[in-house]
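Subject: Structure for your review

Dear colleague,

Please find the structure below. My notes on what was found in it follow directly after.

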Amino acid sequence: MNILIEWFGLDPDQFNEVAMNMVAKDLSLVWILALVVAPLALWFFWTSLKRIQSPIRKIFLIALRALTFAVLVFMLLKPELEFKKSHTLKNSIAVLLDDTKSMSIKTFPSETPRIEFVRRTFEKNRNMLESLKEKFQVDYYFASSQINPTSHAELGNRYRPKKAVTDLENTFSQLRKRYEGKSLQGVMLFSDGADLAMEPETVSPEMLALLADWEGPVHTFQAGSNEMFMDLAIEELDSADFGFIHQPVRLTVTISASNMGNKNIPLVLKEGDTILLSRIVEVREGQNQYPVEMEFTPGALGKRIYTLTVPHFAGESVATNNRRDFQVKVIRDRIRVLHLNGRPAWDSRFLREVLANHPKVDLLSFFILRTMGDDVASPTSELSLIPFPTNLLFSDYLNSFDLIVFQNFSYEPFIDKKYLRNINNYVKQGGAFMMVGGELSFQGGGYERTAIEAILPVQLERTSQPFIGESFHLQRGKSLLRHPILQLEKESSANAKAWQDLPELNGVNAGLKPRKNAHVLAEFDKGNKNYPVLVAGRVGEGRSIVMATDSAWNWNFRRVGEGGSGRHYYKLWNNLIAWLTDDPATRLLQLETDKERYEEGEDTLLRIRVLQEDYNPSIGIEVNLTIKSREGEEITETIKTDNNGEAAHQWTPQREGFYTVKVKVDVDGDKREADVGFSVFSETAEFQKPKVNETLLKRIAEVSGGRYEVLTEKTDLSAIKFPNPKVEVKTHSKSISLWDNWWTYGLILTFLFLDWFTRRKSGLS
Amino acid sequence: MRTLSNAIFIVSLLGSVIFPTASDADYSSLSIPQVKYQGGQPNPHPTAVSSLLGQVARRTSIEVNREPLQIKLSDPNLYRYPFIYLAGNEKFESFSQEELHRLRNYLSFGGFLLIDDNSAKANSKFDTSVREMINQLFPQIPLQKISRDHSIFRSFYLINRVTGRKQINPYMEGIKIKGRTVLIYSTNDFGGAWARDNLGQWSHDIIGGGSRQRQLTIRLGVNIIMYALTLDYKKDMVHLPIILERLRRSHSR
């Protein structure tokens, strides 16, 4: 071989193998030549050489032509000599070590964590594993829902049960991808088989298909066992992330119990230290899972954190799965509005359309269709009128409303004066009230010196003419141009134009004096006298607004008649409803987190916005921020607002749990507070299905032709075998063409020349 | 000539007193202007609307302005009055495209039109003109009979039949846009049953019925106005049990 290598001028040290390859891709021409053309050519040669008498010459010529033909076929096959260098490769063995949290679960009676069985096996079989390296390339991986390479030497320091999820199907898929084109001759899997993606006692068809055509055996080594495994767990909890205030929230819970005996176990739902709900789960021998349906009704808005617990019994393998914390963001499903109209009129009709068509409003409206003085000329049975349910509205259900609107409504004789006190209390405790003008509002409705006057942002003065039927153009309060109620457009110049383009109003309630802290958002500037028309104020925890005209509908229907649209009328009412119902965007101190929930180790971002009473930004205000964990850990920071009245704080929680952020600001003596909650989750799903999955590990070994074994103190790995076929790998090669050269072409030409010369000598042309 | 011009001046002055222009009105109270049009007789019962509004004021809490008003569809003050009344008993000229466009917008964005055929004849010339006008107004939305469970029949009185000065059809027709009935057309001469003379006596006898029929027509008028002002309020859940119970008792009698 060396002679041949040298013949072609190559270095014999660089190559240790030679092979001839035919590189022609399409051999059909060769076959046609060999099977069809060759017999025809032979026949032609024979007949064309008839005139040559000498049989020697005749045979010589035929031989020449046969040789030419053979060289031609040789060229068509495109032969090449390949000189190559190759060596034998070691086959690979992958060792997978389950490092998920479930490997920390103890096995009884020795109380040995599952991971410890693996460590001891490695310690005991150190020599065997070292010797395995001589024959195989042994690669070590940590296995969870993915594989992470490691080494035998690193196991002592890095092998910890900390990963969140076991997903063996994904692990094997990744392994296959990693060894594509390589010779993986076997796998050793050390795991408890507690695969979250697999149902107990079953193996997914995808997993079985993956293992069925696995190249080498997968030997499975079970860490831990279910013997004497005792555990009570909240295995699954299904709850919505959002809930509606005063509406039931449904929880679907699965309790699992292993070797717990016969017990009646209380399942308790708490918010903080308050028990909201309790159910008794009757745990019985022979039954592992107990589905429980629960319902509770959130009573407050915001991010609420709830805890579901079952008792922790002595001897349980896992303590953490006896408790599940979860968060529900409680929001308003609908804004419940009570709308009382003193008489049917266009203003009330257009407002009813706004409220009835508002996607978030649940409207209950009443029109006073007749008064005591009206003569309906008909018996009651022929009327559609119903009695006004005063007691129900203003006693029983008052607190279920988010907003009460009195529109051109005189309370007498429909509402007893004692109920006005109820409305007063309702607003002071966080409710919302609005009085819309007209002849029957304010003094016209007899509200002077009543509990209603006390919650209005205006005082009712004695006046001889409580309602003035003049037309006027409304002027916005110059110092309150940023107030959210007045924002009909986002951009300030567009907003100014929108207000300018609104049609004039007709009729205003007179004798209204704004209270000290009230905001006069818009007024009728008559020159010598100003009439407040749109006034907003805070009353205790609640909010109150006065609109002292019954002609706001002009901004809808009349605006259409002028070629515009009712868009700004709708927008104004949406703004009024948002402000009255304390929409977060209308608050003077706004606090929010960038996410609802964070993963362990993730940065949290807190954003704070501080506004002045007139909704201009509060610049350079000190914000005292306290972050508190449920365990009582507390962090306090002081930050300052920027030119936009905004401040931000980034913080990384050190561990899982629920946190409360409270901010306090003092804006010119006005002390404000806001709080928000967020949760930091560490994935504990591994403890929801903590049992060892023998079935899975056995099936993996069985399908792949491997061996299943439960790890003990005495486990000996030396009996484990792997196939070790010889695998050669080419490192480099050089190909030399045997047909594409002058030698081959010259040979054909020589044969043809000899043929011609012999025929000439024989007297042929 | 001077005498003649003085006479014309006095008549026109009287006309303006009797039918002031729309811009003079009080917008807080309910006013129902009558639509002026070309050709035909746009106001066969001049006191009909005023008389009905008088009944509305007497029977309900609605504040009304009884001053008779007339308005053209092209009048810039049209949108101050979300309720207008179109009546007649003769063929009338078609409205211009601009007027139709204005009326279409008016009805689509909150207005209400009551059309009343005062001819007391089936298939009258007024009826033909009205249907042509409505075809041009809403070519895609045909007039449809108003069903008995419509809020109009329960907005104030519980009503189970459609009457008028003469019952030509036992139903009213209407056009609904986005769930709101914006136009009602009656062929039964409501105005004839509502109208009174200067002495307060009924202007016209009821044909084929007595005072009960007149009362029912007045009730229907009250309900139509109440519907325009409160829409489907009487279909709110809070009203349903009582209304349904009364209707049940009424039917069982």
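Helix H9 (346-357) of chain A and helix H6 (residues 211-230) of chain B pack at an angle of about 55 degrees, and their axes lie 7 Å apart. Axes are lines fitted to C-alpha atoms, for helices over the stretch in contact, and angles run from 0 to 180 degrees between N-to-C directions. The angle makes H9(A) oblique to H6(B); angles under 35 degrees count as roughly parallel, over 145 as roughly antiparallel, 65 to 115 as roughly perpendicular, and the rest as oblique. On the side of H9(A), the contact (heavy atoms within 4.5 Å) is made by A:Trp346, A:Arg349 and A:Arg352, and on the side of H6(B) by B:Ala228, B:Leu229 and B:Thr230. These residues divide into 3 nonpolar, 1 polar and 2 charged. In this classification, Ala, Val, Leu, Ile, Met, Phe, Trp, Tyr, Cys and Pro are nonpolar, Asp, Glu, Lys and Arg are charged, and the others, Gly among them, are polar.

Please note that this is a predicted model, in which local features need pLDDT of at least 70 and side-chain atom pairs count only at pLDDT 80 or more, whereas totals for chains, interfaces and linings use all residues. Residues are numbered from 1 along each chain as its sequence is written, chains are lettered from A and ligands numbered from 1 in the order in which they are written, and side-chain values use heavy atoms, with hydrogens and water left out.

From H3(B), the residues B:Gln97, B:Leu100, B:Leu103, B:Arg104 and B:Leu107 meet B:Met133, B:Gln136 and B:Leu137 of H4(B). This contact of H3(B) with H4(B) consists of 5 nonpolar, 2 polar and 1 charged residues.

Salt bridges are the next topic. Over all chains, the structure holds 42 of them, a salt bridge being a side-chain nitrogen of Lys or Arg within 4 Å of a carboxyl oxygen of Asp or Glu. One of them joins the chains: B:Glu63 pairs with A:Arg343, and the closest N and O atoms are 3.6 Å apart. B:Glu63 lies in the loop between helix H2 (48-59) and strand S2 (70-72) of chain B, while A:Arg343 lies in the loop between strand S18 (335-341) and helix H9 (346-357) of chain A. A:Arg343 is buried, with a relative accessible area of 12%, whereas B:Glu63 is partly exposed at 36%. Buried means under 20% relative accessible area, exposed over 50%, and partly exposed in between (1.4 Å probe, protein chains only).

Within chain A, A:Arg119 and A:Glu116 form a salt bridge of 3.1 Å, N to O. Both residues belong to helix H4 (residues 114-124) of chain A, and because they are 3 residues apart, about one helical turn separates them. A:Arg119 has a relative accessible area of 26% and is partly exposed; A:Glu116 is partly exposed at 23%. A network of salt bridges links A:Glu116, A:Arg119, A:Arg120 and A:Glu713. Another salt bridge, between A:Lys595 and A:Glu602, has an N to O distance of 2.5 Å.

Chain A also contains open sheets. In one, 3 strands follow the order S10-S12-S15 with antiparallel pairing; two strands pair if DSSP finds at least two bridges between them. Strands S10 (231-239) and S15 (289-296) stand at the edges with a single partner strand each, so one side of each is left without a neighbour in the sheet. Neighbouring strands of this sheet are turned by 25 degrees against each other on average, direction ignored. S10(A) is joined to strand S12 (residues 249-258) of chain A by 8 bridges, and A:Asp231 stands opposite A:Ser258 in S12(A).

A further open sheet of 3 strands has the order S30-S32-S35, again with antiparallel pairing. Its twist averages 15 degrees from one strand to the next.

Yours sincerely

Terms used:
Helix = DSSP H or I, 4+ residues; strand = E, 2+ residues; numbered from the N terminus.
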